[in-house]
Amino acid sequence: MRIDVLTLFPEVFPGVLNASILGRALAAGVAQVHVHNIRDWATDKHAVVDDYAYGGGPGMVMKPEPLAAAIEAVRAMARPAGRAVLLTPQGRLLKQAIVDEMANEERLLLVCGHYEGVDERIREHFVDDEVSIGDYVLSGGELPALVVIDAVVRRLPGALGSAESLLEESHSDGLLEYPQYTRPAVFREWAVPDILLSGHHGEIARWRRRQRIIRTAQRRPDLLANACLTEEERRLAEATLEAVRRETSEAEGPAESTDAQADERRAAKGTQP
Ligand code: 9D3
């Protein structure tokens, strides 16, 4: 797969692209990533890429001409032209299903917005898709583009070692991970659960599975709707949800407690509101 990135800050990319699993996959030729500076397509003497917003208001808007020229030039560098994806807070919320969709493309063109955003005509006429990585404010689309690249490349054949691939497969069932421990068996008086030292592989597997279900019910109950569970596991999930509900109402009492206190209790329990 060939991935092109259009950005005003190309210097952001090499560190992340060359590190860890992503670095190894790219070095192995699993995908090619080309990062381009949008400013290279500015035509005036000072290479201006932004301007004031029509209608007024704070912040600058990315000018359409350099972006359009950059998108057309980069698309023409290889075939097929591929999908142009704009990273923007107004895009579709990134999910594994969108990542998997992108991983099936032969090419991807990631366009990073910066400043207050890009001229609307770029969205309308040069972009096929718009993606956000979550509801928090970042300074631009560069980190989101790196998130997309990392998530997409690890889905490509050959990106993961065989052990990593197996692990990935066994955990693609919509549940959170089980708790992990390594040596020492006792760290500052905190012991690893006995079961993990028992050598009973069947019991360990059952314990881990239960932990995953309990944790998912406690922290991400929204994931349970699409999780692959047996009838017995479903009952464990329901019982955990009920226990969380009981604890919460018990601690909150009748209208006494503040939101801050509720937040504190949830943080202590490792659950999300
Ligand atoms: C007036 C409000 N603006 C700034 C507070 C809106 C705004 C414009 C540009 C907010 C963020 C940005 C830059 N962010 C991105 O380009 C971006 C982004 C993000 O901020 N969060 C999550 N995903 C993404 S994808 C691109």
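How many disulfides does the count come to? The count comes to zero, where a disulfide is a pair of cysteine sulfur atoms within 2.5 Å. Cys112 is buried, at 1% relative accessibility, while Cys228 is exposed, at 58%. Here buried means under 20% relative accessible area, exposed over 50%, and partly exposed in between, with a 1.4 Å probe and protein chains only.

This is a predicted model, in which local features need pLDDT of at least 70 and side-chain atom pairs count only at pLDDT 80 or more, while totals for chains, interfaces and linings use all residues. Residues are numbered from 1 along each chain as its sequence is written, and side-chain values use heavy atoms, leaving out hydrogens and water.

Next comes the sheet. Strands of a sheet pair through backbone hydrogen bonds, either parallel or antiparallel. In this model five strands make an open sheet, ordered β2-β1-β6-β5-β7, with parallel pairing. At its edges lie β2 (32-37) and β7 (129-132), each of which pairs on one side only. Strands are DSSP runs of E with at least two residues, and helices are runs of H or I with at least four, numbered from the N terminus; two strands pair if DSSP finds at least two bridges between them.

Strand β1 (residues 2-7) pairs with β2 in the parallel sense over six bridges. Within this pair, Ile3 stands opposite Val33 in β2.

Helix α3 (residues 64-75) packs on the sheet and touches β1, β2, β5 (83-93) and β6 (107-112); contact means heavy atoms within 4.5 Å. Helix α6 (residues 142-153) also packs on the sheet, touching β1, β2, β5 and β6.

Terms used: Axes are lines fitted to C-alpha atoms, for helices over the stretch in contact, and angles run from 0 to 180 degrees between N-to-C directions.
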